[in-house]
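The following exercises are to be worked with the sequence and the three-dimensional model side by side. Each task is followed by a solution in steps.

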Amino acid sequence: MTRDERYMLRCFDLAVLGAGRTSPNPMVGAVLVYEDRIIGEGFHARYGASHAEVNAVTSVPASLRHLIPKSTLYVSLEPCCITGKTGPCTNLILEQGIPRVVVSCLDLSPGVAGRGIAILQSAGVEVTLGVLEKEGKHLSRFRNHFVTRQAPYVILKYAVTPSGQFAPTGNLQSWITGPLSRRFTHRLRSETDAILIGARTAAIDNPQLDNRYYFGASPLRIVLDRHLALPDNLHLFDGASPTLVVNELKSEKDTARKVEYLHIDFGEGFLPRLLGELHRRKISTLLVEGGARLIRSFYDAGLWQEAYIYTGSVDFPAGIAAPQCPGECVETFVIGGDTLRLYRPLSSE
Ligand code: AOF
Ligand code: ZN
């Protein structure tokens with residue numbers, strides 16, 4: 001491993017400390033290095049807060065600040081050159097006289113996308129781009145997908161039995177996986193902006209869709225209820241966290257119950273319409289937790305980026321078949337008595 005790669009890995013470690021709190025901004029980490037010694041570190045801790053580069057520069061102790069103009073700045077993502085919630089990091093780098101910047105991958109946000117690098121280079125900064133680029137792109141995948149596709153990054157999650165059943169036959173609630181898998185799911189929820197389910201799943205399973213078995217905030221709960229037929233006494237309407245009810249009858253806010261109704265046409269092109277609306281609401285990651293028909297519609301439309309599929313250890317006496325994932329398995333984990341496989345679409349990098 002090269003020296004640049006080593007410090008880039010440190011940037012990645014710092015970046016993920018912001019997991020679940022930066023959306024729709026990316027997780028970003030930065031370190032300042034003087035002669036093989038880290039003199040400052042920082043990460044983007046929360047949406048709207050200062051950027052990783054700013055935090056890295058600010059963290060340098062007074063006694064070492066004179067070394068900044070002789071140091072290398074490592075950043076997991078291209079430094080921004082636009083004024084959003086905060087000022088451009090390219091200005092900071094130039095003001096501080098930092099002579100060399102090492103970047104893993106581009107920030108594809110409008111107005112950045114290579115311009116941050118170009119500004120630094122034309123001011124005489126030596127820029128190295130592409131260090132651990134694959135890993136850096138992975139770290140920034142939610143943001144870069146969100147800004148280029150104008151849609152949230154979609155993660156499907158469901159469980160199947162050893163013989164491929166999705167649920168028992170009849171309107172029974174099913175439980176396929178063990179408690180450790182549930183904790184992993186809640187971790188996924190803690191890093192996701194919103195969870196989507198269909199009306200049948202809401203009615204049969206009555207899920208809470210919160211994050212009670214992990215740290216961090218609970219996501220927005222979204223349910224598709226075309227004709228507003230769901231009963232009021234479901235957990236979804238308990239006010240524990242906000243719920244968005246996508247339907248074909250009304251758009252309205254019920255602030256007291258933390259429920260918002262959103263009218264969308266359920267006809268042809270529904271999923272892209274829904275994802276476009278979520279993009280407008282700055283939802284950059286969406287976890288889809290069922291049922292089978294909803295999962296299938298994401299597969300059929302090719303509108304998914306990752307699928308986490310658990311396999312439990314017991315079959316139902318009779319059950320309905322799970323959707324067939326059209327992707328490839330890229331990782332397998334053993335979680336307690338369950339197996340978890342991560343799939344990606346065949347065409348993705
Ligand atoms: C960086 N370092 O740590 C982060 C960046 O609205 P703002 O001010 O937070 O800026 C949004 C832009 O900054 C946008 O391009 C986003 O991808 C990027 N995030 N950039 O240089 C950071 N979090
Ligand atoms: Zn910035």
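Is Ala199 buried, partly exposed or exposed?

**Solution.** The structure is a predicted model. Ala199 has a relative accessibility of 25% and therefore counts as partly exposed, since the partly exposed class lies between under 20% (buried) and over 50% (exposed). As to its place, Ala199 belongs to helix H8 (residues 199–205).

**Exercise 1.** Identify the protein donors of the zinc ion (ligand 2), describe the site geometry and locate the donors in the chain.

**Solution.** 
- Step 1, donors. His51 contributes ND1, while Cys80 and Cys89 each contribute SG; these atoms lie 2.0 to 2.3 Å from the zinc ion.
- Step 2, geometry. The site has four donor atoms, with angles of 98 to 120 degrees among them, and is tetrahedral. The criterion applied here requires all angles to lie between 85 and 135 degrees. The ideal angle for four tetrahedral donors is 109.5 degrees.
- Step 3, spacing. Along the chain the donors follow the pattern H-x28-C-x8-C.
- Step 4, context. His51 is in the loop between strand E2 (38–43) and helix H2 (52–58), and Cys80 is in the loop between strand E3 (72–77) and helix H3 (89–95), so the pair ties together parts that are 29 residues apart in sequence.
- Step 5, burial. His51 is buried at 17% relative accessibility, and Cys80 is buried at 7%.

**Exercise 2.** Which residues come nearest to ligand 1, and what percentage of its accessible area does the protein cover?

**Solution.** 
- Step 1, surroundings. There are 19 residues around ligand 1, of which Asn25, Glu53, Lys85, Thr86 and Asp107 come nearest.
- A side-chain N or O atom of Glu53 is 2.6 Å from an oxygen atom of ligand 1. Cys80, a zinc donor through SG, places a backbone N or O atom 2.9 Å from an oxygen atom of ligand 1. For Arg143, a polar side-chain atom lies 3.2 Å from an oxygen atom of the ligand.
- Step 3, cover. On its own, ligand 1 has 500 Å² of accessible area, and the protein covers 97% of it.

**Exercise 3.** Trace the pairing of strands E14 and E17, and state how far each is buried.

**Solution.** 
- Step 1, the pair. Strand E14 (residues 306–311) and E17 are antiparallel and share five bridges. Within this pairing, Tyr308 is the bridge partner of Leu342, and Ile309 that of Arg341.
- Step 2, the other neighbour of E17. Strand E16 (residues 328–335) also pairs with E17 in the antiparallel sense, over seven bridges, with Phe333 opposite Leu340. The hairpin of E16 and E17 has two residues between the strands, and Gly336 in this hairpin takes a positive phi near 55 degrees.
- Step 3, the other neighbour of E14. Strand E6 (residues 153–160) runs parallel to E14 and is joined to it by six bridges; here Ile155 has Glu306 as its bridge partner.
- Step 4, burial. Six of the six residues of E14 are buried, so this strand is largely enclosed by the rest of the structure. In E17 (residues 338–344), five of the seven residues are buried, so it too is largely enclosed.
- Step 5, faces. In a regular strand, side chains alternate between the two faces of the sheet. In E14, Glu306, Tyr308 and Tyr310 point one way, Ala307, Ile309 and Thr311 the other way, and all are buried.

Technical notes. Residues numbered from 1 in each chain as written. Chains lettered and ligands numbered in written order. Predicted model: local features only at pLDDT ≥ 70, side-chain atom pairs only at ≥ 80, totals over all residues. Heavy atoms only, no water. Donors = N, O, S within 2.8 Å, 3.2 Å for Na, K, Ca; no water. Tetrahedral: all angles 85-135°; square planar, octahedral: opposite > 155°, others 65-115°. Helix = DSSP H or I, 4+ residues; strand = E, 2+ residues; numbered from the N terminus. Buried < 20%, exposed > 50% of the residue type's maximum accessible area, 1.4 Å probe, protein only. Pairing = 2+ DSSP bridges. Near = heavy atom within 4 Å. Polar contact = N/O pair within 3.5 Å; in protein donor to acceptor, adjacent residues only side chain to side chain. Areas by Shrake-Rupley, 256 points an atom, 1.4 Å probe, with all protein chains shown as cover.
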